[in-house]
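The stops below follow one another as a series of selections.

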Amino acid sequence: MAGGRPTIYKPENAEIARHTCMLGATNEALAGRFEVCRRTIDNWIATIPEFSDAVRYGREVADEAVISALFARATGMEQKMTKVFCHRGQPVTANYTVQLPPDVRACFFWLRNRRPWQWRENRPLVEEEDDGDRVSELEAASERVRLAAVAERATQSAAEGPALPVPSEAEGSEAERAVRSAAERLRVHL
């Protein structure tokens, strides 16, 4: 024989809970509606399957409505409205459509929750493993710039004759010096 106080649960509570949860009720609000403590609501959800199903279904409906409204707000929407005027003492109604542009905050909220790996606010700017790739990328870019400058000088000297000497590797080009100075500012050694 179970001890403690008998429950005041009634079968119609499931339907009341479903409707209340469709309006966004929390367990605390359900406790207030049924005039019981929150622990009793938690107990009913855990032990009474029809109550638990009703609460879950009502919350799913409420969540879907919020998702739909958030999506509409994030992408922009049209809203039909009616305005009542008083013209020569008579009420006149006018129907019109308002274009609501997309809301940036709703977009951010949607994307941060749907794609947190791309849109979360505190994501790392540069990952440590990328540092090695960046150094080799800078070295490769520097070499491409040096070779392009050598090729350009060779093309010019071929067109103009032997008057312009082809720079040696030790001299380097202006572009190569620019890349090296940028690398030094970034504290990358080439």
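What is the mean pLDDT of the chain, and what share of its residues reach 70 or more? The mean is 80, and 73% of the residues reach 70 or more; pLDDT is the predictor's confidence in each residue, from 0 to 100. This is a predicted model, in which local features need pLDDT of at least 70 and side-chain atom pairs count only at pLDDT 80 or more, while totals for chains, interfaces and linings use all residues. Residues are numbered from 1 along each chain as its sequence is written, and side-chain values use heavy atoms, with hydrogens and water left out.

**The whole chain**

Eight helices and two strands are present; helices (H or I, at least four residues) and strands (E, at least two) are DSSP runs, numbered from the N terminus. From the N terminus on, the order of elements is α-α-α-α-β-β-α-α-α-α.

Now colour the chain by pLDDT. Confidence is highest in helix α1 (residues 13–22), at a mean of 95, and lowest in helix α8 (residues 174–185), at 67. Where pLDDT is low, the predicted coordinates should not be read in detail.

Of the 190 residues in the chain, 19% are buried. Buried means under 20% relative accessible area, exposed over 50%, and partly exposed in between (1.4 Å probe, protein chains only). Among contacts in the chain with a separation of 6 or more, 47% are made by residues 24 or more positions apart; contact means heavy atoms within 4.5 Å.

Select Tyr9, in the segment before α1. Is Tyr9 buried or exposed? At 16% relative accessibility, Tyr9 counts as buried. Show its neighbours next: not counting residues up to four places away in sequence, Tyr9 touches Ala14, Trp44, Ile48, Glu50 and Phe51. A distance label can also be drawn from Tyr9 to Thr40, 31 residues apart along the chain, with C-alpha atoms separated by 9.5 Å.

**Salt bridges within helices**

A search of the whole structure finds four salt bridges, each defined as a side-chain nitrogen of Lys or Arg within 4 Å of a carboxyl oxygen of Asp or Glu. Side chains of opposite charge can pair when their charged atoms come close.

- Glu15 is partly exposed, at 39% relative accessible area.
- Because they are four residues apart in helix α3, about one helical turn separates them. Both are partly exposed, Asp42 at 33% and Arg38 at 41%.
- Asp53 is partly exposed at 42%, and Arg56 is partly exposed at 45%.

**Two loop residues with positive phi**

Select Glu35, in the loop between α2 (27–34) and α3 (38–47). Glu35 has a positive phi of about 55° although it is not a glycine, and it is exposed at 71% relative accessible area.

Then select Arg88, in the loop between β1 (77–87) and β2 (90–100). Arg88 also is not a glycine, and its phi is positive, at about 55°. Its relative accessibility is 76%, so Arg88 counts as exposed.

**Cysteines**

Select Cys21 and Cys37. Cys21 is buried at 1% relative accessibility, whereas Cys37 is partly exposed at 45%. How many disulfides are there? The count is zero, where a disulfide is a pair of cysteine sulfur atoms within 2.5 Å.

**A nonpolar patch**

Finally, select Val104, Phe108 and Trp119, which make a nonpolar surface patch of about 280 Å². Patches are made of residues with over 30% relative accessible area and no salt bridge, with like charges joined within 9 Å and nonpolar side chains (Val, Leu, Ile, Met, Phe, Trp, Tyr) within 5 Å. Trp119 belongs to helix α6 (residues 116–119) and is partly exposed, at 37% relative accessibility.

Technical notes:
Accessible areas come from the Shrake-Rupley method with a 1.4 Å probe; for residues, only the protein chains shown count as cover.
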